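Hi everyone, thanks for making time this morning. I'd like to walk you through a two-chain complex, one chain at a time, and then the place where they meet. Let me put it up on the screen.

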Amino acid sequence: MAFGPPTRALKSRPVTFIFDIPTNKTSRFWDELENGKVYGTKCKKCGHKYFPPAADCSECLTSDMDWIDLTDGEGEVETFTHVIVRPPSFADHDTYTVAVAKMKQGVKVLAWLSGVKLGQAKVGMKVKLVGKPSPEGSSYELIPIQ
Amino acid sequence: MRFLSRKVAVVGIGHSVFGDRRDANLPELAFEAIKPAIQDAGITQKDVGFVSVGTAGGWYEEFLPAVVVAEYAGLTGAGLVRCEAACASGSAAVASAYNAIASGQTDIAMAVGVEKMTEVDILTSVELIGRAGYYLWEFHNFGMTFPAYYALHATAHMKKYGTTEEDLAKVAVKNHKYGAMNPYAHLQRTMKVEDVLSSRVIAWPLKIFDCCPVSDGAAAIVLASEDKAKKLTDTPVWIKALGISSGTANISKREDFTSLRSGTIAGQNAYAAAKVKPNQLDVATVHDCFTIAELLAYEDLGFCERGGASKMIREGQTEIGGKIPVNVDGGLKAKGHPIGATGVSMAAEATRQLRGQAGKRQVPVKHGNALAHNIGGTGHYAYVTIFGRD
């Protein structure tokens, strides 16, 4: 049996999705990125810590949260990868390194590990977490501590 | 865990050729699996009381596809649902059809798995699969891809246990060896360790030949209650247990990256419910969407101790004739991974092996047990199913 590209196909009508993702309940997190800060949350009742920030506690099901500053202090890289083949929506970016770091506050963060060349990232390297203001939408990144 | 009293058997299997199947649309491709499954079971569509369709979707034109698939194959009127559990959608469909019979709701049910992934260009599929982790926290700002998720696990496993890129390559070599013998496989060709190691890096340490291809395909099984199964066939293959678990959406919330906890728990639950131990399995299909995933599965499923997977692959213990043959249908790596079809394809392969119908790829059947391990996402969903001749 021979299969492969079709000799005929019908082009579907195009559709574009752009979703408006609500950020009301974590507004301080998004605002503080502008100041270079990255915040998680901590449940006032049971003390469970969250990153990414959560407005509701999945442990005790209450919704009364404190903010915790994760830019205060260092973290350690648990694992990483260099992403070479990127999705089309990241085609304008250079290749990037994604790492998961465990912060001293006890939460883990997945983010780009900036300021390292391919092959320089190491499991166990010390990093800090910083907010990254940008007109296209603020983000955050992990940076090696020299 | 408590299990329902009605036994459920696989009594019919069907499989399309996996691959670049731009010659067929979604229901036409599903038909290629449904028709042989119905014929194999010796029933007609009117006998089927419930149909579950496993498909992730999003990359083909039908938005709510189950009804399209059912109508085209003459299954209109049966109870119908679409099941989604990312790359484990097919096993979710098997579980749904199993439950319809075990609960007494119906006596004959079908699980159909189907995916059409080549109607969009390959980079669009990279984009869509990358969004299948947690879009808001891992894709929006960081552009995660599925190879990248598994690469995080490869890096951690290599660091902790000394697993090498060559060990990963050996998984690809083994699975292509068997894929070359499977007429339903997407990539029916062999590969050498050097081919894998010298292939293009996708997400370090994973290279293109560490990754499964983007495939179209369909698989279908017919399930029946004990009474019906004994009337329909002399070789029923029983679903002895289903172990199901899940992991966090945020990969950053995982305890570590050297195993998939959900897969471990699903496996433990399945072994306990089936009263089967890992050394009583004749064959296993495990979720090798990337080579590292197969090594994680050896450890998570107790085929070896933690950190022992690289030794297993180096020694050929997971080839036919070894301790436990794994993915001797080519696995996702060579057979292909049409997302929703994979779990149903695994059930079909377990049945084929336990019936002794696998031809050149047939394993020796001593214990009469087979295992299927199907992971959705990066341990986001986990389904482990144990099949048996008794």
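Before we look at any sheet, one convention: two strands pair if DSSP finds at least two bridges between them. Please also keep in mind that this is a predicted model.

With that in hand, let's begin with chain B. Nine of its strands form an open sheet, in the order E3-E2-E4-E7-E1-E8-E11-E10-E9, and the pairing is mixed. The edges belong to E3 and to strand E9, residues 283-285, each of which pairs on one side only. If you ignore direction, neighbouring strands in this sheet are turned by 25° against each other on average.

Let me zoom in on two of those pairings. Strand E1 of chain B, residues 8-15, and strand E7 of chain B, residues 217-225, are antiparallel and share seven bridges.

Now slide over to strand E2 of chain B, residues 50-54. Five bridges join E2(B) to strand E3 of chain B, residues 79-83, and this pair runs parallel. B:Val51 stands opposite B:Leu80 there. And how does the chain get from E2(B) to E3(B)? The path goes through helix H2 of chain B, residues 66-72, and this β-α-β crossover is right-handed.

Another helix to look for is H10 of chain B, residues 261-274. H10(B) lies across strand E8 (237-246), strand E10 (369-376) and strand E11 (381-388) of chain B, and runs at about 145° to E8(B).

Stepping back, chain B has 14 helices and 11 strands. Its radius of gyration is 19 Å, close to the 21 Å that the globule rule gives for 390 residues, so chain B is as compact as a globular protein of that length. The C-alpha trace of chain B spans about 55 × 45 × 40 Å along its principal axes. Of its 390 residues, 65% are buried. Among contacts in chain B with a separation of 6 or more, 77% come from residues 24 or more positions apart.

On to chain A. Here we have one helix and eight strands, and along the sequence the pattern reads α-β-β-β-β-β-β-β-β. Three of the strands make an open sheet with antiparallel pairing, in the order E2-E1-E3. Strand E2 (49-50) and strand E3 (65-69) of chain A are at the edges with a single partner strand each, so one side of each has no neighbour in the sheet. Strand E1 of chain A, residues 39-43, is joined to E3(A) by five bridges, and within that pair A:Cys43 has A:Met65 as its bridge partner.

What about the overall dimensions of chain A? A compact globule of 146 residues would have a radius of gyration near 15 Å, but chain A has 20 Å. Its C-alpha trace spans about 65 × 40 × 35 Å along the principal axes. As for burial, 32% of the 146 residues count as buried. Residues 24 or more positions apart account for 54% of the chain A contacts with a separation of 6 or more.

Finally, the place where the chains meet. There, 32 residues of chain A are in contact with 35 residues of chain B. On the chain A side, strand E4 (74-83), strand E5 (96-103) and strand E6 (108-113) each supply at least two residues, and E4(A) gives the most, with six. By class, that side of chain A has 22 nonpolar, seven polar and three charged residues.

E4(A) and strand E5 of chain B, residues 201-204, run antiparallel and are joined by two bridges. To see it, find A:His82 and its bridge partner in E5(B), B:Trp204. Thanks, everyone, and over to you for discussion.

Note on methods
Residues are numbered from 1 along each chain as its sequence is written. Chains are lettered from A and ligands numbered from 1 in the order in which they are written. This is a predicted model: local features need pLDDT of at least 70, side-chain atom pairs count only at pLDDT 80 or more; totals for chains, interfaces and linings use all residues. Two residues are in contact if their C-beta atoms, placed from the backbone, lie within 7 Å. Helices (H or I, at least four residues) and strands (E, at least two) are DSSP runs, numbered from the N terminus. Ala, Val, Leu, Ile, Met, Phe, Trp, Tyr, Cys and Pro count as nonpolar, Asp, Glu, Lys and Arg as charged, and the others, Gly among them, as polar. A crossover is right-handed if, with the strands pointing away from the viewer, the path from the first strand over the helix to the second runs clockwise. The radius of gyration is taken over C-alpha atoms; the globule rule is 2.2 Å times the number of residues to the power 0.38. A residue is buried if 20 or more other C-beta atoms lie within 10 Å of its own, exposed if 12 or fewer, and partly exposed in between; C-beta atoms are placed from the backbone. Axes are lines fitted to C-alpha atoms, for helices over the stretch in contact, and angles run from 0 to 180 degrees between N-to-C directions.
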